[in-house]
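Student: I have a chain open here and would like to go through it with you. Can we start with the loops and work outwards?

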Amino acid sequence: MALQNTLKALADPIRREILDLLKNQKMSAGEIAERFPVTAASISRHLSVLKEADLIRDTREGKFIFYELNASVLEEVLLWLANLKGDKGV
């Protein structure tokens, strides 16, 4: 089920772009929302899906929640894909 949630989360282009934003720095939901032409509620839903798939982590700092990438789940997906492909060198 975890892999299914991960692949579902990665299927959406906005969620992939959010992950790309988070690869170098943690960001608040407001900072993330500023980058997209969708509602804050839509970004909140995307963040929830990413969090459910364990692709991001959140931490509260004062009144703000900051999000950061959880690369370990992506590494697991890459290993699974490499194994499926038959790559022995991974």
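Student: Is Asp 54 buried, partly exposed or exposed?
Tutor: Asp 54 counts as partly exposed, because its relative accessibility is 39%, and buried would need under 20% while exposed would need over 50%. Keep in mind that this is a predicted model.

Student: Where does Asp 54 sit?
Tutor: Asp 54 is in the loop between helix 4 (40-52) and strand 2 (56-61).

Student: What about the phi of Asp 54?
Tutor: The phi of Asp 54 is positive, about 65°, although Asp 54 is not a glycine.

Student: Okay, stepping back. How many helices and strands are there in the chain?
Tutor: The protein chain has five helices and three strands. Along the sequence they come in the pattern α-α-β-α-α-β-β-α.

Student: And what are the spans of the C-alpha trace?
Tutor: Along its principal axes, the C-alpha trace spans about 45 × 25 × 20 Å.

Student: Which element holds Lys 85, and is Lys 85 buried or exposed?
Tutor: Lys 85 is in helix 5. Lys 85 is exposed, with a relative accessible area of 65%.

Student: What else is on helix 5?
Tutor: Trp 80 is found there. Trp 80 is partly exposed, at a relative accessible area of 37%. Trp 80 also belongs to a nonpolar patch on the surface, together with Leu 7, Leu 78, Leu 81 and Leu 84.

Student: How much accessible area does that patch have?
Tutor: About 490 Å² for the five residues together.

Student: Which helix gives the most to the nonpolar patch?
Tutor: Helix 5 (residues 71-85), with four residues.

Student: And the surface overall: how much of it belongs to carbon and sulfur atoms?
Tutor: The accessible surface of the protein chain comes to about 6000 Å², and 53% of that belongs to carbon and sulfur atoms.

Student: Switching to charges. How many salt bridges does a search of the whole structure find?
Tutor: Four. As background, side chains of opposite charge can pair when their charged atoms come close.

Student: Which residue pairs with Lys 51?
Tutor: The partner of Lys 51 is Asp 58, and their side chains meet at 2.8 Å, N to O. Lys 51 is partly exposed at 40% relative accessible area. Asp 58 is also partly exposed, at 27%.

Student: What does Glu 52 bridge to?
Tutor: Glu 52 forms a salt bridge with Arg 45, with the closest N and O atoms 3.8 Å apart. That pair counts because the cut-off is 4 Å between the side-chain nitrogen and the carboxyl oxygen. Glu 52 is exposed, with a relative accessible area of 55%, whereas Arg 45 is partly exposed at 46%.

Student: Give me one more bridge.
Tutor: Lys 23 forms one with Asp 20, the closest N and O atoms being 2.8 Å apart. Asp 20 is partly exposed, with a relative accessible area of 43%.

Student: Now the inside. What percentage of the residues count as buried?
Tutor: Of the 90 residues, 29% count as buried. Ser 28 is one example, with a relative accessible area of 10%, so it falls under the 20% limit.

Student: Where does Ser 28 lie, and what is Ser 28 in contact with?
Tutor: Ser 28 lies in strand 1 (residues 27-28). Leaving aside neighbours within four places in sequence, Ser 28 is in contact with Ile 65, Phe 66 and Tyr 67.

Student: And Ala 29, what does Ala 29 touch?
Tutor: Ala 29 lies in helix 3 (residues 29-33). Not counting residues up to four places away in sequence, Ala 29 touches Ile 43, Leu 47, Ile 65 and Tyr 67. Ala 29 is partly exposed, with a relative accessible area of 31%.

Student: How far is Ala 29 from Asp 58?
Tutor: They are 9.9 Å apart, C-alpha to C-alpha, and 29 residues apart in sequence.

Student: Last one. What share of contacts comes from residues 24 or more positions apart?
Tutor: 51% of the contacts in the protein chain with a separation of 6 or more.

Key. Residues numbered from 1 in each chain as written. Predicted model: local features only at pLDDT ≥ 70, side-chain atom pairs only at ≥ 80, totals over all residues. Heavy atoms only, no water. Patch = residues over 30% accessible without salt bridge, like charges linked within 9 Å, V, L, I, M, F, W, Y side chains within 5 Å. Areas by Shrake-Rupley, 256 points an atom, 1.4 Å probe, with all protein chains shown as cover. Helix = DSSP H or I, 4+ residues; strand = E, 2+ residues; numbered from the N terminus. Buried < 20%, exposed > 50% of the residue type's maximum accessible area, 1.4 Å probe, protein only. Contact = heavy atoms within 4.5 Å.
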